[in-house]
Every structure is written in structure tokens, then in C-alpha cells.
Amino acid sequence: MAIAAWRLAQRWCPSYLQVISFPVVQLHMNRAAMTASQKDFENAMNQVKLLKKDPGNEVKLKLYALYKQATEGPCNMPKPGVFDLINKAKWDAWNTLGSLPKETARQNYVDLVSSLSSSLESSSQVEPGTDRKSTGYETLMVTSEGGITKITLNRPAKKNAINVEMYHEIMRALKAASKDDSSITVLTGNGDYYSSGNDLTNFTDIPPGGVEEKAKNSAILLREFVGCFIDFPKPLIAVVNGPAVGISVTILGLFDVVYASDRATFHTPFSHLGQSPEGCSSYTFLKIMGPAKATEMLVFGKKLTAGEACAQGLVTAVFPDSTFQKEVWTRLKAFAKLPPNAMRISKEVIRNREKEKLHAVNAEECSVLQERWLSDECMNAVVNFLSRKSKL
Ligand SMILES: CCCCC/C=C/C(=O)SCCNC(=O)CCNC(=O)[C@H](O)C(C)(C)COP(=O)(O)OP(=O)(O)OC[C@H]1O[C@@H](n2cnc3c(N)ncnc32)[C@H](O)[C@@H]1OP(=O)(O)O
């Protein structure tokens, strides 16, 4: 629908720049609302005009939505009629951002433009070595700057649900980050969610070998995915910008630091889904919060607020959503200035003691899940979600 709308828009406006020039005009009207990073934002707006190639309709809608969110806040305009294709596509894109703070939207806009500039050859001069963007990711934004590699889950319209492609891309990004010259690595989400966990449509793509083969392949994928977090050699920090579900929660036990917005929640509804714990949570959560609290989460699916998750040790610190990005990035920038080898070696000392155990737990959890995925309980839960009969 969105693509069709933009095709129509392009017919009316031969240059894609005409379509996205609207926010540039508005920027000048919003100068009064300048903040510290307004300059970066303005530079990004200018960079967009220098792009030599059309970034595509989906990206243009994202740019539009982030711009509106950054300058006007959440979408509170009336929804355009179904036949008003262009404005409806724009409205949908903006509305998807929910209550994302203006500051985050501005940062995401700058990041997105920056990644486009390198992938689409902006004609502007980029100072070499200061800010490198990795391209070739469909489901992530990956940037590396000031000693920090930032991996952003980037399917906001699907609440950053992790599809098969995203599992592979996260593993690729982590492998690249482990070898690049950054000191620390950050994982975060774009939009109002951190992540809604496993994309439940992953279960619909059944190979010729049937559901048994699907379950086997999924267990192999999951084991490899979690293994990357166990083995990741540098300090790994989660910046949990919003609600987190399922595997996006369980793997937090393998991070070194977890910062959360007070809007974030932590939910592992495995029993509701006919599934069982993964991400080494059957071991890490028990160590972190003790068996009773871990059971409430992993067996009974109790959803924790950010404050509760912090009190139980899963989260390192919680910040008000309005200052979340600013406060967290100030800390992260300071961490990134510490001697990288010392940090890596300290992490190695801490992790090595547990590594063998963690790999064994991971293998066991995956093998149990392989069976669970074939159960009626699990299949019914997935069918109910996909037929919109249930939500968490
Ligand atoms: C292969 C390795 C397997 C590893 C094992 C992992 C296990 C897990 O992670 S278990 C957890 C799985 N996740 C869920 O069960 C969450 C399911 N989603 C929901 O319950 C809801 O979507 C919500 C509570 C997360 C958000 O609700 P709401 O704010 O009302 O937003 P929508 O439901 O309208 O969502 C917007 C859009 O996104 C799609 N979506 C959201 N989450 C998922 C998901 N996990 N899988 C697939 N799709 C998801 C949702 O369907 C909507 O899509 P459209 O209808 O096309 O707009």
C-alpha cells in the first residue's frame, strides 16, 4: 500500500527530492525549537538534498516520519481517507513511531541519513575515519563512531520483530563489530519498541521436509544466534528504548550492561506461546534474580516494568524516557574512551569462567524448544496470533 502510494507520488513529482523537500521547508519554520543536536539534524537535512540516487519509497517514508516526529512529536493528525494515498502512506509511517521522543527521532533521522550518505554516495565530503556506516543490512542500521558500534533493530512497523533475515544480520553485525576498531558495542531498537521478539511469521515458512525440518533449522539458527552473544568479546550494552518481548529479553542476561527507558517493559510469555525459555535465561535469570522471581517471568510470563527489572538486577539503570537518549549516550561516550584492551580483557576474565556452561545451557534450551515448536500448544498460539485472535 505504502509503495503504491509513493509510486503515485513519483508520477506527480518526477524528482524524489520534491517529495521529501517538504520537511526541509518546515525545518526553517521550527528553528525556535533548536536543541544541542539541531545542528546535526539540519546538516542531515542538507545531506538528503545531496544524495545522487533515489533511496526508495520505504526510506523516504521513514525520513518523513522521523522528521515529523522530531519536529512535531507524535502524530495527532486525523487519519487521511483511503483514497488519499500519498497522505495516508505518510500518516501511517508517522503514526507507527508512536510516542517515540523527539530527541530519539532526531537522532534516528541523523543516523538514517548518515547511513544513506555512504551507501548512496552523497556528493558531500565526509571526513574520513570519523563516522563509518555499514551498509548491506535490510533489517538493521549499523553505525560506528567515536569508539562505539551501534546496531539498531530497524523494523519499527513490526515492533522490531526478529525475522530470519534479522537473526542472520545481527550475527553478521556482531561478528563485524568484534573485529572493528570500536571499543564497545550497543544494541538498540528504532521506533517505539525495543523488540517484540521472534517474528511469529517465521513459523509459516515451512520447508519441503515439513514442520520437523523447520523446527530443526530453527533450533540450529537459535543456537548459533545465542552463541554469538555468549562469545562476543567486547563490552556489549543494550539500550532498551521501549517494550521488549521474548528472545529480546532473555538475551539481556548475556549483555554486560542494560540501560532502559522507563517506558520499557520486559515480557517472556513462553508458556502462553507453548514454548520454553531460551537465550540462556534458564541459567542467567536464575543467577540474576533467584529462582522464584525467574520462575514468575519465565514460567508464568509476568511482565516487568523497567523499575522492577532494575530492582531484580536484569537492568543496570532506568532513565526517564524524556532524557533517556541523552543520559545514556553521555555514559556510553565516556565508556568508549576507556582503554579498549583493558575492557576486553576484563570482560574475558568475567565471561571465560561461564562460557562452557553457557554453551551447554544454550544447546539444551534449543533442543527442548525444537520439541516444543512441534507441540499443539505452540502451533495453536502461533495460529491464534497470526489470525489476530490473540495478542500478548
Ligand atoms: C528461530 C528462533 C526462535 C527463538 C525463540 C523466540 C521466542 C520469542 O521471542 S517468544 C515472543 C514472540 N513474540 C510475541 O509473541 C509478540 C507478538 N506480538 C504481539 O503480541 C503484539 O504485536 C505486541 C504486544 C508486541 C504489540 O501490540 P500492538 O502495539 O497492538 O501492535 P501490533 O500488534 O499492531 O503490531 C504492529 C505490527 O507488528 C506485527 N508484529 C508485532 N510483533 C510481532 C511478532 N513478534 N511477530 C510477527 N509480527 C509482529 C503485528 O502483526 C503488526 O503487523 P501488521 O498487522 O502487519 O501491521
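These legends walk through a few close-ups of the structure above.

The model is a predicted one, in which local features need pLDDT of at least 70 and side-chain atom pairs count only at pLDDT 80 or more, while totals for chains, interfaces and linings use all residues. Residues are numbered from 1 along each chain as its sequence is written, and side-chain values use heavy atoms, leaving out hydrogens and water.

Figure 1. The chain has 392 residues, and 52% of them count as buried. Buried means under 20% relative accessible area, with exposed over 50% and partly exposed in between (1.4 Å probe, protein chains only).

**Figure 2. Helix 8 (residues 210-231) packs on helix 14 (residues 340-372).** Two packed helices are described by the angle between their axes and the distance between the axes. For this pair, the angle is about 165 degrees and the axes lie 9 Å apart. Axes are lines fitted to C-alpha atoms, for helices over the stretch in contact, and angles run from 0 to 180 degrees between N-to-C directions. Helix 8 and helix 14 are therefore roughly antiparallel; angles under 35 degrees count as roughly parallel, over 145 as roughly antiparallel, 65 to 115 as roughly perpendicular and the rest as oblique. Look for L222, F229 and I230 of helix 8, which are among the residues that meet helix 14, where the partners include L358, A363 and L369. Contact means heavy atoms within 4.5 Å.

**Figure 3. Helix 10 (residues 281-289) has buried residues.** They are S281, Y283, T284, F285 and M289, and they pack against helix 9 (247-250), helix 11 (291-298) and helix 14.

Figure 4. On the helix 10 side you'll find S281, S282, Y283, T284 and K287, and they meet E354, K357, L358, V361 and E365 in helix 14.

**Figure 5. Q69 sits in helix 4 (residues 57-72).** Is Q69 buried or exposed? Q69 is buried, because its relative accessible area is 0%. Leaving aside residues up to four places away in sequence, Q69 touches P74, C75, W94, L97, G98, S99, L100, K102 and A105.

Methods. Helices (H or I, at least four residues) and strands (E, at least two) are DSSP runs, numbered from the N terminus.
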